[in-house]
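Work through the following exercises with the sequence and the 3D structure open beside you. Try each task before you read its solution.

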Amino acid sequence: MSEEVTLPLDEVRRISIDVLKAGGLSGDHAQAIASVVYAGQRDECHSHGLYRLLGCVRSVKEGKVDPDAVPEVVDHAPAIVRVDARFGFSPLAFERGRPLLVEKARRTGLAAMAINNCFHFSALWPEVEAIAADGLVALAMTPSHSWVAPAGGTKPVFGTNPIAFAWPRPDGPPFVFDFATSAIARGEIELHRRAGKPIPAGWAIDGEGHPTTDPAAALAGAMLTFGGHKGSALSAMIELMAGPLIGDMTSAESMAFDEGVGAAPCHGELILAFDPTVFLGADAARHVARAETMFESIVGQGARLPSQRRYEARERSMANGVRIPKALYDDLQALLPRP
Ligand code: NDP
Ligand code: PYC
């Protein structure tokens, strides 16, 4: 088993901020990025925790990302907020736009936020969870780089295109799911390569279109969608809804824009927020109770809810800190200024 390091949670945040500032990011971006990286590591989402700092710093170094970009929030229409991230990373753009999205959803029942021109590296669940904390139902989606072949094909067209959903619950944390529409996030294949482990069959094909369990061959070939043609169609929907619909790049266009430097994908993100109290008025509590019956019928038979593992991991991390591979710890230390 490879060597690991245990870190208290406040150390996770401190390392994140220090690495990001040393990498040239403004204080505001460092804080916003550190929050999502911290949350990812705390909830044991290893592909989108501290590991992501390496890619953020590399993306700035490659000169694609504006590390000082100040997002511009625009009140575009009664139910639409637009945020121009101005070629900075997405977490600060999301933070700046969220209050207006929530305000609009409470007024209109359903509102959308389109984030444009953002470099995107993060998990989506921290965003939908934050919207659910305001009592709203949330749906978020974004493209990435074209790494994923459509069902029946062998050449990458789609990004790993995550979709996330949150439903607020009266007596506890929200019901949340958040997954790539590829069989797995690309970050997970990268972590297998770093650990020298094979990947499961069904995640990817090599450059000749043959199934592979070699992570390097998978990264050089094409990833596969989850659920065959169903994941493929969902992935296409995300390309459209968070691409042309909001006037931003598809995953293939993001890949071309990257010019082979290997920066984080650059494109848009679409976030929808629904206010159940506007949809339902005085009947809201009765219908929310029906949702609880459905959740109970899932867990009541021993199945688990998505997000249940994450909430359990959160409790564990808050009590005991987190464990990360020593190789990752050393890579992060190498990005800090020499004392
Ligand atoms: P998974 O395939 O592990 O799926 C994750 C989701 O499925 C979680 O909601 C998880 O809940 C739930 N889940 C997993 N197993 C079960 C189960 N047995 N029963 C019920 N629910 C289950 O993750 P992915 O690799 O697809 O995605 C990981 C992350 O990568 C996501 O957060 C996504 O946002 C991020 N990502 C970001 C991209 C970007 O462009 N920014 C691109 C692609 C991915 P739980 O967490 O509780 O296990
Ligand atoms: O893991 O697929 C991924 C990913 C792409 C962009 C950010 N994460």
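**Exercise 1: a bent helix**

Task: find which residues of helix 4 are buried, then follow the course of this helix.

Solution. Begin with burial: in helix 4, the buried residues are Ser-90, Pro-91, Leu-92, Ala-93, Phe-94, Gly-97, Leu-100, Leu-101, Val-102, Lys-104 and Ala-105, where buried means under 20% relative accessible area, calculated with a 1.4 Å probe and protein chains only. Helices here are DSSP runs of H or I with at least four residues, and strands are runs of E with at least two, both numbered from the N terminus.

This is a predicted model, in which local features need pLDDT of at least 70 and side-chain atom pairs count only at pLDDT 80 or more, while totals for chains, interfaces and linings use all residues. Residues are numbered from 1 along each chain as its sequence is written, chains are lettered from A and ligands numbered from 1 in the order in which they are written, and side-chain values use heavy atoms, without hydrogens and water.

Next, take the length: helix 4 covers residues 90-108, and its 19 residues reach 25 Å from first C-alpha to last, close to the expected 27 Å, which is 1.5 Å times one less than the number of residues. Then look at Gly-97, where helix 4 bends by about 40 degrees, with Pro-99 following within four residues; the bend is the angle between axes fitted to the seven residues ending at a residue and the seven starting there. Finally, step past the end of helix 4 to Gly-109, whose phi is positive, near 95 degrees.

**Exercise 2: the surroundings of ligand 2**

Task: which side chains make polar contacts with ligand 2, a polar contact being a pair of N or O atoms within 3.5 Å?

Solution. Start with His-48, which has a polar side-chain atom 2.8 Å from a nitrogen atom of ligand 2. Arg-52 likewise places a polar side-chain atom 3.1 Å from an oxygen atom of the ligand. Now turn to the backbone, where a polar atom of Arg-186 is 2.9 Å from an oxygen atom of ligand 2. Of the 240 Å² of accessible area that ligand 2 has on its own, the protein covers 91%, by the Shrake-Rupley method with a 1.4 Å probe.

**Exercise 3: the contacts of ligand 1**

Task: how far are the side chains of Asp-178 and Arg-304 from ligand 1?

Solution. An N or O atom in the side chain of Asp-178 is 2.6 Å from an oxygen atom of ligand 1. For Arg-304, a polar side-chain atom lies 3.0 Å from an oxygen atom of ligand 1.

How values were computed. A polar contact is a pair of N or O atoms within 3.5 Å; within protein, one must be able to donate a hydrogen and the other to accept it, and residues adjacent in sequence count only if both atoms are side-chain atoms. Buried means under 20% relative accessible area, exposed over 50%, partly exposed in between (1.4 Å probe, protein chains only).
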